[in-house]
Amino acid sequence: MVLRRFQQAGHRPIALVGGATGMIGDPSGKSEERNLLSPEMLRANIVGLEPQLRRFLDFDPGPNSAILVNNYDWMGKFGYLEFLRDVGKHFLST
């Protein structure tokens with residue numbers, strides 16, 4: 001609803017879906033380990049979000065049309081070695 005109010009006030013809302021985050025696992029289960037979702041299930045979840053968001057946000061072309069972005073689009077490019085090189089260097093070893 002905050003994104004809707006921003007859009008009504010003339011701003012361009014950016015709705016972020018977590019395709020990469022979802023690959024880590026779903027923390028909503030009661031098991032001790034996070035439940036991993038298949039790539040197909042992740043894609044289905046993401047596809048299912050846009051119609052829900054359209055109920056509240058205007059995605060039609062215009063100056064303040066909403067944008068839907070998926071964090072997998074930039075996080076999916078990182079491999080383990082790239083992650084260690086780019087992020088791991090900021091952690092100190094003891």
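User: Is E50 buried or exposed, or in between?
Analyst: E50 is partly exposed, at 27% relative accessible area. Buried is under 20%, exposed is over 50%, and partly exposed lies in between, with a 1.4 Å probe and protein chains only. This is a predicted model, where local features need pLDDT of at least 70, side-chain atom pairs count only at pLDDT 80 or more, and totals for chains, interfaces and linings use all residues. Residues are numbered from 1 along each chain as its sequence is written, and side-chain values use heavy atoms, without hydrogens and water.

User: What does E50 form a salt bridge with?
Analyst: R54. The closest N and O atoms are 2.9 Å apart. A salt bridge here is a side-chain nitrogen of Lys or Arg within 4 Å of a carboxyl oxygen of Asp or Glu. R54 is partly exposed too, at 42%.

User: Where do E50 and R54 sit in the fold?
Analyst: In helix 3, four residues apart, so about one helical turn separates them. Helices are DSSP runs of H or I, at least four residues, numbered from the N terminus.

User: How many salt bridges in total?
Analyst: Three. R43 and E40 form one of them, at 3.8 Å, N to O. Both lie in helix 3, residues 39–54, three residues apart. That is about one turn of the helix.

User: Switching topic. What about R85?
Analyst: R85 bridges to D86, with the closest N and O atoms 2.9 Å apart.

User: And how accessible are R85 and D86?
Analyst: R85 is exposed, at 53%. D86 is partly exposed, at 29%.

Technical notes
Helices (H or I, at least four residues) and strands (E, at least two) are DSSP runs, numbered from the N terminus.
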